[in-house]
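Please have the sequence and the 3D view open together. The paragraphs below go through the structure one part at a time.

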Amino acid sequence: MNLPADKKKISIVCFSGDFDKMVAAFTIATGAAATNREVTMFFTFWGLNALKKKKGRVATGNSIMARVFNFLMGGLNNLPLSRLNFFGASPILMTGMMKKHNVATLPELVEAAHALGIRIVACEMAMHILEVGKSDMIEEVQDVAGVATFLNESENAHIIFI
Amino acid sequence: MNLPADKKKISIVCFSGDFDKMVAAFTIATGAAATNREVTMFFTFWGLNALKKKKGRVATGNSIMARVFNFLMGGLNNLPLSRLNFFGASPILMTGMMKKHNVATLPELVEAAHALGIRIVACEMAMHILEVGKSDMIEEVQDVAGVATFLNESENAHIIFI
Amino acid sequence: MNLPADKKKISIVCFSGDFDKMVAAFTIATGAAATNREVTMFFTFWGLNALKKKKGRVATGNSIMARVFNFLMGGLNNLPLSRLNFFGASPILMTGMMKKHNVATLPELVEAAHALGIRIVACEMAMHILEVGKSDMIEEVQDVAGVATFLNESENAHIIFI
């Protein structure tokens, strides 16, 4: 990377696919990028759901197990709240509360992240286990990488696990 | 800030309002402050509940949605365990186990944090979305700030997301 | 510690005992150690379960409360998935998916961590509260320490809370 040495860096491991934690991750990421930091978001495990192309529940993968998991996990619009989820009612209510107060909603935050040049990386191993291919994911995904690559690129960064 | 350059810094994002995670956050925070580190705790989302003035469940906010959320979330004495909560029985049992072994309980840790000069900051955006005002929170809250301010002040700190 | 100053360090607080989060913790840890980093894993609270000697559910501790908690929490082979756990079926399915794709399973990751020289530390306070003794834990546990010791040893490390 050819960055000036004083460029501040933040790397976020997006492990949880919870709606509220994803909002937190993207809020920190976009806030950091807007204040001139270099930001990488590394999506793994449940977090991969936020990167799926199709918005609804789709049974991605070849094996039955992978298909069941991927169907149950859904995509960006099916992320549950980490608490008081009430079978998906709460993320919808929460989105209403965010709109009412002119706070960016989750899809708006994802768009903003892309516009601000935040690097979006999908975890190779998680894709492998859950049988999610690059073609199953949104175009904003710039890289597929393993944990060692992620750590190397985050050496001088704050690493935040969400 | 006029700190000596070698002062060690730790910033904790208290996102989760789970009883056990709050105990962990305050244990790390007070342990760090007691060993001469500068500590900031940034409370956001579910974490805001730990800062609410009234101890019981109170329906704070103007809109029906915010009132329902705030009622359900409760305050410092209603924080659930992240696992095996059993409708609130476990945090009470856990507090008993902590007392039995002379470990500081959660309210004692909050008090200690204040006494040790730990900076307690409430997240502006979360207060806005959940319609929690400064007057709804305990006096120990020193600042209301956004994520950019938090990141700027945490530049040389360990950032821990709990 | 007599490490070369340029040795990269990573410290992971293993707070959650969730199966998926433990896989993430050990994957980051072994990936970091394999690329020549010095890694410490600090196990506290639910995370302690991953260190218990007996593989099944055992009622460790003296008080009834501690015994109930320890029984319910189980050990390394009873860790639940943080979502879609389905009473323990999912971690078993997930292990099948990992094996199928030749990804190291959790017990293999623990073994690899030990072989790679990762330092495994158990949290003194959590052992105290939950009444888990050193003899209840696997031999790979090298140290029992408090949070202040952990922070001191992690001063130049990335601290990741999982």
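**Backbone, strand and interfaces**

In chain B, B:N102 sits in the loop that runs between α3 and α4 (106-115). The model is a predicted one, and the values here are computed from it. The phi angle of B:N102 is positive, about 55 degrees, although the residue is not a glycine. In general, most residues other than glycine have a negative phi. Is B:N102 buried or exposed? With a relative accessible area of 73%, B:N102 is exposed, because exposed residues are those over 50%.

Strand β2 of chain A covers residues 38-43, and A:T40 is part of it. A:T40 is buried because its relative accessible area is 9%. What does A:T40 touch, once its neighbours within four places in sequence are left aside? The contacts are A:I10, A:S11, A:I12, A:R119 and A:V121.

A:E38 is in strand β2 of chain A as well. At 17% relative accessibility, A:E38 counts as buried. As a distance to check in the viewer, take A:E38 and A:I162: these residues are 124 apart along the chain, and their C-alpha atoms are separated by 18 Å.

The next step is to compare the chains. Two copies of a chain are related by a rotation about an axis and a shift along it.

The size of an interface is often given as the accessible area lost when the parts come together. Between chain A and chain B this area is about 2600 Å², and carbon and sulfur atoms account for 73% of it. On the side of chain A, the three residues A:R83, A:M97 and A:H158 supply 26% of the area buried against chain B, more than any other three residues.

Two salt bridges are found across the interface of chain A and chain B. One pair in a salt bridge is A:K100 with B:E131, whose closest N and O atoms are 2.9 Å apart. Eleven residue pairs are in polar contact between chain A and chain B, counting pairs with both residues at pLDDT 80 or more.

Now turn to chain B and chain C. A rotation of 120 degrees, with 0.0 Å of shift along its axis, superposes chain B on chain C at an RMSD of 0.0 Å. The two copies are therefore related as by a three-fold rotation axis. The copies use different surfaces, since 10% of the contact residues of chain B recur in chain C.

This contact takes 30 residues from chain B and 28 residues from chain C. The area buried between chain B and chain C is about 2700 Å², with 73% given by carbon and sulfur atoms. In chain B, the residues that lose the most area to chain C are B:R83, B:M97 and B:H158, together 26% of what that side buries.

The interface of chain B and chain C has two salt bridges. B:R37 forms a salt bridge with C:E155, and the closest N and O atoms of this pair are 2.8 Å apart. Eleven residue pairs, both residues at pLDDT 80 or more, are in polar contact across the interface of chain B and chain C. From chain B, α1 (19-34), α3 (89-100) and β5 (158-161) each supply at least two residues of the side touching chain C. By class, that side of chain B has 16 nonpolar, eight polar and six charged residues.

How values were computed: Residues are numbered from 1 along each chain as its sequence is written. Chains are lettered from A and ligands numbered from 1 in the order in which they are written. This is a predicted model: local features need pLDDT of at least 70, side-chain atom pairs count only at pLDDT 80 or more; totals for chains, interfaces and linings use all residues. Side-chain values use heavy atoms; hydrogens and water are left out. Helices (H or I, at least four residues) and strands (E, at least two) are DSSP runs, numbered from the N terminus. Buried means under 20% relative accessible area, exposed over 50%, partly exposed in between (1.4 Å probe, protein chains only). Contact means heavy atoms within 4.5 Å. Copies are superposed by least squares on the C-alpha atoms of residues with pLDDT of at least 70 in both. Buried area is the accessible area (1.4 Å probe) that two parts lose on being put together, summed over both. A salt bridge is a side-chain nitrogen of Lys or Arg within 4 Å of a carboxyl oxygen of Asp or Glu. A polar contact is a pair of N or O atoms within 3.5 Å; within protein, one must be able to donate a hydrogen and the other to accept it, and residues adjacent in sequence count only if both atoms are side-chain atoms. Ala, Val, Leu, Ile, Met, Phe, Trp, Tyr, Cys and Pro count as nonpolar, Asp, Glu, Lys and Arg as charged, and the others, Gly among them, as polar.
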